[in-house]
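Subject: Structure handover

Hello,

Here is the structure you asked about. My notes on what turned up follow below.

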Amino acid sequence: MDISSHALWSLVHGMGFGGLYLLACSGGLVELWRRFAPSSPAPVTARDERFVRIYFFLMAALAWLAVLTGAYMVYPWYRAIPPAGATSLSAFPQRLLLSNPSTAAWHSLGMEWKEHVAWLAPISTTMACAVLMRYGRGLRDHRHLRNAVLCFVVVAMMAAGIAGFFGAEIDDHAPIEGGKIIPIAHGG
Amino acid sequence: MDSRETRDFSPSPSLPSGYGAAALLSAGIGSFALAAIAIASDRNAGFRRLMTLYKPTGPLSGVTTAALLVWLIVWGVLHLRWRKRDVRLPLVSAAAIVLLIVAFLLMFPPIADLF
(Lines give C-alpha, C1' and ligand atoms only; values in the text may rest on other atoms or scores of the structure.)
Protein backbone atom coordinates (compact mmCIF):
# COMPACT_ATOMS: atom_id res chain seq x y z
CA MET A 1 0.00 0.00 0.00
CA ASP A 2 1.45 3.36 -1.01
CA ILE A 3 0.48 6.92 -1.89
CA SER A 4 2.07 9.46 -4.21
CA SER A 5 3.38 12.69 -2.72
CA HIS A 6 1.00 14.71 -4.94
CA ALA A 7 -1.99 12.68 -3.74
CA LEU A 8 -0.83 13.11 -0.15
CA TRP A 9 -0.64 16.90 -0.51
CA SER A 10 -4.05 16.88 -2.16
CA LEU A 11 -5.33 15.02 0.91
CA VAL A 12 -3.64 17.43 3.31
CA HIS A 13 -5.13 20.40 1.41
CA GLY A 14 -8.68 19.05 1.11
CA MET A 15 -9.34 16.73 4.01
CA GLY A 16 -6.78 18.23 6.34
CA PHE A 17 -7.00 22.01 6.13
CA GLY A 18 -10.27 22.31 4.19
CA GLY A 19 -12.15 19.60 6.07
CA LEU A 20 -11.03 20.84 9.47
CA TYR A 21 -12.01 24.39 8.50
CA LEU A 22 -15.51 23.25 7.53
CA LEU A 23 -15.90 21.39 10.81
CA ALA A 24 -14.62 24.40 12.75
CA CYS A 25 -17.08 26.71 10.94
CA SER A 26 -20.11 25.03 12.47
CA GLY A 27 -18.64 25.39 15.97
CA GLY A 28 -17.71 29.03 15.35
CA LEU A 29 -21.23 29.82 14.14
CA VAL A 30 -22.81 28.23 17.22
CA GLU A 31 -20.50 30.20 19.53
CA LEU A 32 -21.23 33.49 17.77
CA TRP A 33 -24.95 32.78 17.60
CA ARG A 34 -25.47 31.67 21.20
CA ARG A 35 -22.82 33.35 23.31
CA PHE A 36 -22.66 36.70 21.57
CA ALA A 37 -26.38 37.29 21.09
CA PRO A 38 -27.36 40.56 22.79
CA SER A 39 -30.34 38.76 24.36
CA SER A 40 -28.32 35.81 25.68
CA PRO A 41 -28.91 35.46 29.45
CA ALA A 42 -25.49 33.87 30.15
CA PRO A 43 -22.53 36.24 30.47
CA VAL A 44 -19.48 35.85 28.24
CA THR A 45 -16.64 35.18 30.66
CA ALA A 46 -13.00 36.09 30.08
CA ARG A 47 -12.36 32.39 29.51
CA ASP A 48 -15.09 32.18 26.83
CA GLU A 49 -13.71 35.30 25.21
CA ARG A 50 -10.17 33.89 25.09
CA PHE A 51 -11.46 30.57 23.75
CA VAL A 52 -13.42 32.20 20.91
CA ARG A 53 -10.47 34.39 19.96
CA ILE A 54 -8.09 31.41 19.73
CA TYR A 55 -10.76 29.37 17.94
CA PHE A 56 -11.28 32.00 15.23
CA PHE A 57 -7.54 32.56 14.90
CA LEU A 58 -7.10 28.83 14.20
CA MET A 59 -10.05 28.89 11.81
CA ALA A 60 -8.46 31.75 9.85
CA ALA A 61 -5.11 29.90 9.80
CA LEU A 62 -6.83 26.76 8.46
CA ALA A 63 -8.62 28.78 5.77
CA TRP A 64 -5.36 30.39 4.63
CA LEU A 65 -3.50 27.07 4.66
CA ALA A 66 -6.29 25.47 2.61
CA VAL A 67 -6.33 28.13 -0.13
CA LEU A 68 -2.56 28.59 -0.27
CA THR A 69 -1.75 24.86 -0.53
CA GLY A 70 -4.60 24.56 -3.03
CA ALA A 71 -3.51 27.42 -5.29
CA TYR A 72 0.25 26.99 -5.10
CA MET A 73 0.78 23.24 -4.62
CA VAL A 74 -2.17 21.18 -5.82
CA TYR A 75 -3.59 23.44 -8.55
CA PRO A 76 -0.33 23.51 -10.60
CA TRP A 77 -0.38 19.68 -10.67
CA TYR A 78 -4.05 19.78 -11.68
CA ARG A 79 -3.52 22.17 -14.61
CA ALA A 80 -0.21 20.71 -15.85
CA ILE A 81 0.04 20.60 -19.66
CA PRO A 82 0.84 17.18 -21.16
CA PRO A 83 3.87 17.03 -23.46
CA ALA A 84 3.28 16.68 -27.18
CA GLY A 85 2.58 13.09 -28.10
CA ALA A 86 1.45 12.05 -24.62
CA THR A 87 -0.59 8.86 -24.89
CA SER A 88 -2.18 9.01 -21.45
CA LEU A 89 -3.79 11.98 -19.70
CA SER A 90 -3.97 10.29 -16.29
CA ALA A 91 -1.24 12.56 -14.87
CA PHE A 92 -2.97 15.70 -16.25
CA PRO A 93 -6.33 15.96 -14.43
CA GLN A 94 -7.62 19.14 -16.08
CA ARG A 95 -6.93 17.78 -19.58
CA LEU A 96 -8.38 14.42 -18.64
CA LEU A 97 -11.65 16.03 -17.52
CA LEU A 98 -11.86 18.25 -20.63
CA SER A 99 -11.15 15.31 -22.96
CA ASN A 100 -14.55 13.79 -22.24
CA PRO A 101 -17.84 15.72 -22.65
CA SER A 102 -19.34 13.80 -19.74
CA THR A 103 -16.66 15.06 -17.34
CA ALA A 104 -15.77 18.47 -18.84
CA ALA A 105 -18.21 20.36 -16.56
CA TRP A 106 -16.28 19.19 -13.50
CA HIS A 107 -13.61 21.60 -14.74
CA SER A 108 -15.63 24.30 -16.55
CA LEU A 109 -18.15 24.63 -13.73
CA GLY A 110 -16.62 22.92 -10.69
CA MET A 111 -12.98 23.99 -10.75
CA GLU A 112 -13.73 27.42 -12.28
CA TRP A 113 -16.12 28.10 -9.39
CA LYS A 114 -14.07 26.46 -6.65
CA GLU A 115 -10.78 28.19 -7.45
CA HIS A 116 -12.29 31.63 -6.79
CA VAL A 117 -15.10 31.12 -4.30
CA ALA A 118 -12.80 29.34 -1.82
CA TRP A 119 -10.94 32.63 -1.20
CA LEU A 120 -14.04 34.12 0.41
CA ALA A 121 -13.35 31.83 3.38
CA PRO A 122 -9.97 33.27 4.50
CA ILE A 123 -11.07 36.87 3.81
CA SER A 124 -14.29 36.48 5.83
CA THR A 125 -12.71 34.46 8.64
CA THR A 126 -9.77 36.86 9.02
CA MET A 127 -12.26 39.71 9.31
CA ALA A 128 -14.29 37.78 11.92
CA CYS A 129 -11.09 36.99 13.83
CA ALA A 130 -9.97 40.65 13.80
CA VAL A 131 -13.38 41.79 15.07
CA LEU A 132 -13.35 39.22 17.87
CA MET A 133 -9.78 40.12 18.83
CA ARG A 134 -10.76 43.78 19.16
CA TYR A 135 -14.24 43.60 20.65
CA GLY A 136 -14.28 40.27 22.48
CA ARG A 137 -17.36 40.10 24.65
CA GLY A 138 -18.06 43.73 23.75
CA LEU A 139 -19.38 42.42 20.42
CA ARG A 140 -22.70 42.00 22.24
CA ASP A 141 -22.96 45.78 22.37
CA HIS A 142 -22.79 45.98 18.56
CA ARG A 143 -25.75 43.95 17.32
CA HIS A 144 -25.35 44.94 13.65
CA LEU A 145 -21.65 44.11 13.68
CA ARG A 146 -22.23 40.70 15.28
CA ASN A 147 -25.01 39.90 12.78
CA ALA A 148 -22.86 40.94 9.84
CA VAL A 149 -19.93 38.84 11.09
CA LEU A 150 -22.33 35.89 11.37
CA CYS A 151 -23.43 36.45 7.73
CA PHE A 152 -19.82 36.49 6.58
CA VAL A 153 -19.04 33.26 8.44
CA VAL A 154 -22.14 31.58 6.93
CA VAL A 155 -21.05 32.62 3.42
CA ALA A 156 -17.49 31.49 4.17
CA MET A 157 -18.83 28.10 5.23
CA MET A 158 -20.92 27.84 2.04
CA ALA A 159 -17.87 28.80 -0.04
CA ALA A 160 -15.71 26.19 1.71
CA GLY A 161 -18.48 23.62 1.28
CA ILE A 162 -18.66 24.30 -2.48
CA ALA A 163 -14.87 24.09 -2.74
CA GLY A 164 -14.81 20.89 -0.72
CA PHE A 165 -17.58 19.22 -2.71
CA PHE A 166 -16.05 20.01 -6.10
CA GLY A 167 -12.57 19.20 -4.86
CA ALA A 168 -13.69 15.74 -3.76
CA GLU A 169 -15.67 15.08 -6.97
CA ILE A 170 -12.90 16.33 -9.25
CA ASP A 171 -10.38 14.17 -7.43
CA ASP A 172 -12.75 11.24 -7.82
CA HIS A 173 -13.04 11.72 -11.60
CA ALA A 174 -9.44 12.77 -12.27
CA PRO A 175 -7.19 12.14 -9.26
CA ILE A 176 -4.03 14.13 -8.64
CA GLU A 177 -1.15 11.69 -9.01
CA GLY A 178 2.59 11.90 -9.44
CA GLY A 179 5.66 12.74 -7.45
CA LYS A 180 7.46 10.49 -5.06
CA ILE A 181 5.82 7.20 -4.06
CA ILE A 182 5.48 6.93 -0.29
CA PRO A 183 5.03 3.40 1.05
CA ILE A 184 2.42 3.20 3.82
CA ALA A 185 2.23 -0.52 4.62
CA HIS A 186 3.32 -3.83 3.19
CA GLY A 187 0.71 -6.50 2.47
CA GLY A 188 0.81 -9.74 4.43
CA MET B 1 -17.93 35.98 44.78
CA ASP B 2 -14.18 35.84 44.33
CA SER B 3 -12.17 38.38 42.41
CA ARG B 4 -11.74 36.08 39.39
CA GLU B 5 -15.50 35.66 39.02
CA THR B 6 -16.04 39.40 39.37
CA ARG B 7 -13.41 40.06 36.72
CA ASP B 8 -14.89 37.47 34.40
CA PHE B 9 -18.40 38.90 34.45
CA SER B 10 -17.57 42.60 34.52
CA PRO B 11 -19.02 44.42 31.50
CA SER B 12 -16.48 45.79 29.04
CA PRO B 13 -16.68 49.46 28.07
CA SER B 14 -18.35 49.92 24.69
CA LEU B 15 -15.76 50.34 21.95
CA PRO B 16 -16.28 52.58 18.93
CA SER B 17 -17.86 50.74 16.02
CA GLY B 18 -15.41 52.16 13.45
CA TYR B 19 -12.80 49.41 13.87
CA GLY B 20 -15.32 46.67 13.16
CA ALA B 21 -16.99 48.66 10.38
CA ALA B 22 -13.62 49.09 8.61
CA ALA B 23 -12.88 45.35 8.86
CA LEU B 24 -16.37 44.47 7.65
CA LEU B 25 -16.62 46.84 4.70
CA SER B 26 -13.10 46.09 3.49
CA ALA B 27 -13.88 42.35 3.54
CA GLY B 28 -16.95 43.04 1.39
CA ILE B 29 -14.96 45.24 -1.02
CA GLY B 30 -12.13 42.66 -1.17
CA SER B 31 -14.58 39.88 -1.96
CA PHE B 32 -16.21 41.96 -4.69
CA ALA B 33 -12.79 42.89 -6.09
CA LEU B 34 -11.92 39.20 -6.30
CA ALA B 35 -15.03 38.45 -8.37
CA ALA B 36 -14.57 41.52 -10.60
CA ILE B 37 -10.87 40.87 -11.25
CA ALA B 38 -11.58 37.18 -11.98
CA ILE B 39 -14.20 38.15 -14.58
CA ALA B 40 -11.88 40.74 -16.14
CA SER B 41 -9.09 38.18 -16.32
CA ASP B 42 -11.40 35.67 -17.95
CA ARG B 43 -12.59 38.17 -20.58
CA ASN B 44 -9.36 39.90 -21.57
CA ALA B 45 -6.31 37.95 -22.78
CA GLY B 46 -3.89 40.83 -22.09
CA PHE B 47 -5.15 41.24 -18.54
CA ARG B 48 -5.00 37.47 -18.07
CA ARG B 49 -1.30 37.51 -19.05
CA LEU B 50 -0.73 40.39 -16.64
CA MET B 51 -2.36 38.37 -13.87
CA THR B 52 -0.06 35.40 -14.40
CA LEU B 53 2.39 36.19 -11.60
CA TYR B 54 3.31 32.55 -11.00
CA LYS B 55 3.16 30.47 -14.16
CA PRO B 56 2.31 27.06 -12.63
CA THR B 57 -0.79 28.58 -10.96
CA GLY B 58 -1.62 30.79 -13.96
CA PRO B 59 -3.87 33.88 -13.78
CA LEU B 60 -5.33 32.72 -10.45
CA SER B 61 -2.09 33.83 -8.80
CA GLY B 62 -2.50 37.45 -9.94
CA VAL B 63 -6.27 37.57 -9.54
CA THR B 64 -6.10 36.53 -5.89
CA THR B 65 -3.00 38.61 -5.12
CA ALA B 66 -4.60 41.73 -6.63
CA ALA B 67 -7.86 41.15 -4.73
CA LEU B 68 -5.99 40.59 -1.46
CA LEU B 69 -4.06 43.82 -2.02
CA VAL B 70 -7.31 45.74 -2.66
CA TRP B 71 -8.79 44.23 0.52
CA LEU B 72 -5.79 45.02 2.73
CA ILE B 73 -5.26 48.55 1.35
CA VAL B 74 -8.95 49.43 1.75
CA TRP B 75 -8.87 47.94 5.27
CA GLY B 76 -5.81 50.01 6.18
CA VAL B 77 -7.31 53.26 4.85
CA LEU B 78 -10.73 52.72 6.47
CA HIS B 79 -9.06 51.64 9.72
CA LEU B 80 -7.05 54.86 9.91
CA ARG B 81 -10.14 56.95 9.23
CA TRP B 82 -12.70 55.12 11.38
CA ARG B 83 -10.91 53.31 14.21
CA LYS B 84 -11.71 55.90 16.90
CA ARG B 85 -15.16 56.86 15.65
CA ASP B 86 -18.64 55.48 15.72
CA VAL B 87 -19.99 54.94 12.23
CA ARG B 88 -23.47 54.03 10.97
CA LEU B 89 -23.15 50.29 11.39
CA PRO B 90 -26.54 49.30 9.89
CA LEU B 91 -25.59 51.05 6.65
CA VAL B 92 -21.98 49.78 6.58
CA SER B 93 -22.91 46.20 7.45
CA ALA B 94 -25.71 46.17 4.84
CA ALA B 95 -23.27 47.43 2.19
CA ALA B 96 -20.66 44.84 3.19
CA ILE B 97 -23.17 41.96 3.09
CA VAL B 98 -24.54 43.09 -0.30
CA LEU B 99 -20.99 43.25 -1.71
CA LEU B 100 -20.23 39.77 -0.34
CA ILE B 101 -23.42 38.23 -1.77
CA VAL B 102 -22.90 39.90 -5.17
CA ALA B 103 -19.30 38.60 -5.17
CA PHE B 104 -20.51 35.11 -4.28
CA LEU B 105 -23.03 35.18 -7.14
CA LEU B 106 -20.55 36.64 -9.67
CA MET B 107 -18.16 33.76 -8.98
CA PHE B 108 -20.73 31.21 -10.16
CA PRO B 109 -19.52 30.50 -13.72
CA PRO B 110 -22.95 30.69 -15.49
CA ILE B 111 -23.45 34.17 -13.99
CA ALA B 112 -19.84 35.26 -14.60
CA ASP B 113 -20.23 34.19 -18.24
CA LEU B 114 -23.01 36.77 -18.71
CA PHE B 115 -20.41 39.56 -18.65
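Contact here means heavy atoms within 4.5 Å. Helices (H or I, at least four residues) and strands (E, at least two) are DSSP runs, numbered from the N terminus.

This is a predicted model, in which local features need pLDDT of at least 70, side-chain atom pairs count only at pLDDT 80 or more, and totals for chains, interfaces and linings use all residues. Residues are numbered from 1 along each chain as written, chains are lettered from A and ligands numbered from 1 in the order written, and side-chain values use heavy atoms, without hydrogens and water.

Chain A first. It has six helices and two strands. Their order from the N terminus is β-α-α-α-α-α-α-β. The C-alpha trace of chain A spans about 65 × 40 × 25 Å along its principal axes.

Now the helix pair between chains. H6 (residues 143-173) of chain A packs against H5 (residues 89-106) of chain B at about 10°, with axes 9 Å apart. Axes are lines fitted to C-alpha atoms, for helices over the stretch in contact, and angles run from 0 to 180 degrees between N-to-C directions. H6(A) is therefore roughly parallel to H5(B) (angles under 35 degrees count as such). Residues of H6(A) in this contact include Phe152(A) and Val155(A). On the H5(B) side, Ile97(B) and Leu100(B) are among them.

Last, salt bridges (a side-chain nitrogen of Lys or Arg within 4 Å of a carboxyl oxygen of Asp or Glu). One joins the side chains of Glu31(A) and Arg35(A), at 3.7 Å, N to O. Both residues lie in helix H1 (residues 5-35) of chain A, four residues apart, about one turn of the helix.

Best wishes

Conventions. Angles under 35 degrees count as roughly parallel, over 145 as roughly antiparallel, 65 to 115 as roughly perpendicular and the rest as oblique.
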